[in-house]
Amino acid sequence: MTTYIPSITLPDAIFANPAAAILVPVGLGLGVGYSVSPKSTQKTYMALKQPPLRPPPQVFGPMWTTLYALMGYAAYRAWSTGTASLNPTTVQLTKQGATLFTIQLGLNLIWMPLFFGLKRPIEATADITLLTGVTGYLTYVWSQVDTGAAWCLAPYLGWLGFATYLSAGTGYLNNWNFADKERDSTTSDRGSGMDKDYVNKAPERK
């Protein structure tokens with residue numbers, strides 16, 4: 001059972017301030033996304049064989065921004081409710097959740113560099129599997145503090161389950177090897193900076 005570990009937990013001031021609680025995960029998520037290079041990421045994504053139900057790459061930016069904002073708001077809600085409680089157990093659960101929140105955020109932020117930057121699908125899938133487990137436990141812990149915070153984490157937890165399926169499915173279909181996987185843009189796509197078709201898309205019938 002994870003306990004509150006101040007040395008690896010985000011500062012209290014971040015959890016206590018609604019703007020900071022939301023902007024920190026959003027800002028870190030966007031920063032990691034741009035550091036990996038969006039155009040290169042999209043080219044790699046389109047070049048990989050994908051499992052069914054794959055979303056287009058344009059979905060991920062808005063989706064993750066929304067989920068980062070929701071997780072930040074959940075953190076603020078749980079912290080503001082829990083630390084104001086007169087019940088020491090509730091306070092302890094709140095702080096335990098803060099440590100879990102920090103751990104899951106770290107696991108979240110390293111997935112994209114592992115998957116797209118280093119092209120290590122095995123490590124990336126292990127990371128997102130652990131991330132989903134930690135987030136599930138975090139949701140359970142904070143549900144005992146503030147049900148609203150737990151509900152804010154529910155969409156994130158659901159998306160992580162789907163993302164784990166995509167990560168594992170993509171790794172399996174590509175023999176767990178993404179080396180040199182990047183699809184060159186066609187002439188018609190160079191102006192947009194991304195490809196329109198997946199490498200394993202079935203050809204259209206004429």
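Here is a short tour, one stop at a time.

Before you start, note that this is a predicted model: local features need pLDDT of at least 70, side-chain atom pairs count only at pLDDT 80 or more, and totals for chains, interfaces and linings use all residues. Residues are numbered from 1 along each chain as its sequence is written, and side-chain values use heavy atoms, leaving out hydrogens and water.

**Stop 1: Q104.** Select Q104, which sits in helix 5 (residues 88–117); helices here are DSSP runs of H or I, at least four residues, numbered from the N terminus. Q104 is buried, at 0% relative accessibility (buried is under 20% relative accessible area, exposed over 50%, partly exposed in between, with a 1.4 Å probe and protein chains only). Now show what Q104 touches: leaving aside residues up to four places away in sequence, you'll find M71, L131, V134, T135, L138 and Y156. Contact here means heavy atoms within 4.5 Å.

Stop 2: Select D146 and R77: their closest N and O atoms are 2.8 Å apart. D146 is in the loop between helix 6 (121–143) and helix 7 (147–173) and R77 is in helix 4 (residues 60–82), so this pair ties together parts 69 residues apart in sequence. D146 is buried at 9%, while R77 is partly exposed at 28%.

**Stop 3: E123 and R120.** Finish with the salt bridge between E123 and R120, closest N and O atoms 2.7 Å apart. E123 is partly exposed at 32%, and R120 is partly exposed at 40%.

Technical notes
Helices (H or I, at least four residues) and strands (E, at least two) are DSSP runs, numbered from the N terminus. A salt bridge is a side-chain nitrogen of Lys or Arg within 4 Å of a carboxyl oxygen of Asp or Glu.
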